[in-house]
Amino acid sequence: MTHVPLNGRKGLVVGIANDQSIAWGCAAALREAGAEVAVTWQGEKARPHVEPLAQRLGAPIAQALDVTHSGELQALFDAIAARWGRLDFVLHSVAFAPRADLHGRVVDSSAEGFAQAMDISCHSFIRLARAAEPLMAAAGGGTLLTMSYLGAEEVVNRYGVMGPVKAALESSVRYLAAELGPQGIRVHAVSPGPLATRAASGIPAFGELLEDSARRAPLRHPLEIADVGALCVYLVGAGARAMTGCTLHVDGGIHILA
């Protein structure tokens with residue numbers, strides 16, 4: 001009999017853009033492990049790419065979510081409350097910075113661009129946590145996951161404004177873990193190595209990051225979105241019940257190198 005460690009768990013994955021997305025690799029792994037997975041798409045332009053993936057997951061809830069629209073966030077969580085009345089996990093894989101601010105120096109970043117990057121890439125996770133809190137409390141606890149990157153900890157050439165933003169995200173993880181832990185809610189940041197996704201393609205010279213990781217990482221095999229998904233399955237499961245507030249690297253070991 002196949003072991004399904006997340007059988008009966010119910011969760012939300014935010015950030016699927018297509019079948020190359022990190023969020024898709026995580027959603028597929030969580031579903032394979034037995035969880036029911038609700039998914040979202042951002043706007044009608046993304047819907048044709050995400051809806052077929054939702055059908056492959058057998059997602060009982062699939063609807064629009066622009067994280068900057070409070071009405072869409074409320075509608076989503078109303079649907080989750082009505083359908084499930086509980087929530088065991090949320091996976092947040094959302095990041096954005098205006099092109100001019102992403103491609104320029106941090107010192108030259110605009111206040112507006114920096115604020116937008118922080119709102120969408122960091123504070124949206126906090127908003128999801130706030131909306132999920134009562135549903136997770138009803139379930140006796142849960143797990144909140146978000147996606148970070150090594151550029152939060154070190155200066156990565158051309159990662160630009162997203163470095164400070166991801167650093168704020170990782171700090172937010174620690175504060176949320178401390179605040180929500182008494183309710184049994186665990187919070188983690190997952191930090192994948194470079195992966196060829198649509199979102200990553202906006203980073204200048206991203207191909208160089210991919211090549212550098214493949215050449216220097218202690219584990220030489222290429223990183224896949226399924227590797228990130230496997231870690232998320234573990235973090236959602238009972239085996240990680242004593243862990244919270246961590247940033248966990250899944251990058252072939254590139255983060256240990258100078």
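Predicted model: local features only at pLDDT ≥ 70, side-chain atom pairs only at ≥ 80, totals over all residues.

**The overall build**

What radius of gyration would a compact globule with 258 residues have? It would be near 18 Å, and the chain has 17 Å, which agrees. Along its principal axes, the C-alpha trace spans about 45 × 40 × 40 Å. Of the 258 residues, 50% count as buried. As for contacts with a separation of 6 or more, 75% of them come from residues 24 or more positions apart.

**The sheet**

Seven strands make up an open sheet, and reading across it gives the order S3-S2-S1-S4-S5-S6-S7, with parallel pairing. Strands S3 (62-64) and S7 (246-250) sit at the edges with a single partner strand each, so one side of each has no neighbour in the sheet. On average, neighbouring strands are turned by 20 degrees against each other, direction ignored. In general, strands of a sheet pair through backbone hydrogen bonds.

Pro 192 is found opposite Val 250 in S7.

| Helix | Strands touched | Angle between directions |
|---|---|---|
| H3 (residues 70-83) | S1 (10-14), S2 (36-41), S3 | about 165 degrees with S3 |
| H5 (residues 111-138) | S1, S4 (89-92), S5 (142-147), S6 | about 170 degrees with S4 |

**A closer look at S1**

Is S1 enclosed or open? Five of the five residues of S1 are buried, so the strand is largely enclosed by the rest of the structure. Lys 10, Leu 12 and Val 14 point one way, while Gly 11 and Val 13 point the other way. S1 pairs with S2 in the parallel sense, over four bridges. Within S2, Ala 38 is the bridge partner of Leu 12.

**Helix H6**

H6 covers residues 162-180, and at 1.5 Å a residue its 19 residues should span 27 Å. The end C-alpha atoms of H6 are 26 Å apart, which agrees. An α-helix has 3.6 residues a turn, so residues three or four places apart point the same way. The buried residues of H6 include Val 165, Leu 169, Val 173, Leu 176 and Leu 180. Lys 166 and Glu 170 are also among the buried residues of H6. What do the buried residues of H6 pack against? Their partners are helix H4 (99-103), H5, S5, S6 and S7.

Leu 102 lies in helix H4. This leucine is buried, with a relative accessible area of 11%. Leu 102 and Gly 113 are 11 residues apart in sequence, and their C-alpha atoms are 8.7 Å apart in space.

Now head for Arg 158, in the loop between S5 and H6. Most residues other than glycine have a negative phi. For Arg 158, phi is near 70 degrees, a positive value. Arg 158 has a relative accessible area of 46%, so Arg 158 counts as partly exposed, given that the cut-offs are under 20% for buried and over 50% for exposed.

Note on methods: Residues numbered from 1 in each chain as written. Heavy atoms only, no water. Pairing = 2+ DSSP bridges. Helix = DSSP H or I, 4+ residues; strand = E, 2+ residues; numbered from the N terminus. Axes fitted to C-alpha atoms, helices over the stretch in contact; angles between N-to-C directions. Contact = heavy atoms within 4.5 Å. Expected span 1.5 Å × (residues − 1). Buried < 20%, exposed > 50% of the residue type's maximum accessible area, 1.4 Å probe, protein only. Rg over C-alpha atoms; globule rule 2.2 N^0.38 Å.
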